[in-house]
Amino acid sequence: MASGSNPDSMDTDPPGGLSIAVERNPPESRLLQLGVKSWPKWGCPTGKFPVKFDARQTCYLLKGKVRAHIKGSSECVEFGAGDLVVFPKGLSCTWDVLAAVDKYYKFDSS
């Protein structure tokens with residue numbers, strides 16, 4: 001189990017070594033470099049949703065707030081508007097959407 005309880009920590013290590021990486025408020029130059037605004041958009045209302053990532057996903061939240069509970073772990077990661085988030089392939093979690101989400105996203109084709 002990961003030590004400490006800082007939700008901003010990017011070095012968490014839940015079962016299987018899969019963790020959610022959150023980059024808070026990346027600079028506009030980074031978003032341009034990634035081509036974020038050319039990615040598809042997706043949104044969802046508040047609620048709880050189980051999610052399994054069959055491919056690595058990177059997303060940039062335009063609005064909303066999410067608390068992700070990683071399956072098989074007590075680990076919980078919060079992210080929201082302005083955050084760039086990476087979910088590794090194979091990760092299962094439950095999204096507790098606290099404020100409706102609007103995001104850009106892309107799946108890696110590996």
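Here is a short chat about the packing and charge pairs in this predicted model.

Visitor: How is the ring pair of Phe87 and Trp95 classed: stacked, tilted or edge-to-face?

Guide: Both Phe87 and Trp95 are buried, and Phe87 touches Trp95 along with others, including Ile20, Phe53 and Phe79. Stacked needs planes under 30 degrees apart and edge-to-face needs over 60. Phe87 and Trp95 sit 5.7 Å centre to centre with 35° between the planes, which makes the pair tilted.

Visitor: And what about the rings of Tyr105 and Phe107, what class do they get?

Guide: Phe107 is partly exposed, at 46% relative accessibility. The ring centres of Tyr105 and Phe107 are 5.8 Å apart. Their planes meet at 75°, and over 60 degrees is the cut-off that matters, so the pair is edge-to-face.

Visitor: Is Gly80 buried or exposed?

Guide: Gly80 is found in strand S5. Beyond its neighbours within four places in sequence, Gly80 is in contact with Leu61, Gly64 and Lys65. Its relative accessible area is 9%, and the cut-off is under 20%, so Gly80 is buried.

Visitor: How many residues apart in sequence are the parts that Lys41 and Asp102 tie together?

Guide: The side chains of Lys41 and Asp102 meet in a salt bridge at 3.9 Å, N to O. Lys41 is partly exposed at 49%, and Asp102 is partly exposed at 21%. Lys41 lies in strand S2 (residues 41-44) and Asp102 in strand S7, so the parts tied together are 61 residues apart.

Visitor: Which two strands does the Lys65 and Glu78 pair tie together?

Guide: Lys65 and Glu78 form a salt bridge at 3.6 Å, N to O. Lys65 is partly exposed at 38%, as is Glu78 at 23%. The two residues are 13 apart in sequence, and the strands they tie together are S4 and S5.

Key: Residues numbered from 1 in each chain as written. Predicted model: local features only at pLDDT ≥ 70, side-chain atom pairs only at ≥ 80, totals over all residues. Heavy atoms only, no water. Contact = heavy atoms within 4.5 Å. Helix = DSSP H or I, 4+ residues; strand = E, 2+ residues; numbered from the N terminus. Buried < 20%, exposed > 50% of the residue type's maximum accessible area, 1.4 Å probe, protein only. Phe/Tyr/Trp six-rings, centres within 6.5 Å; stacked < 30°, edge-to-face > 60°. Salt bridge = Lys/Arg side-chain N within 4 Å of Asp/Glu carboxyl O.
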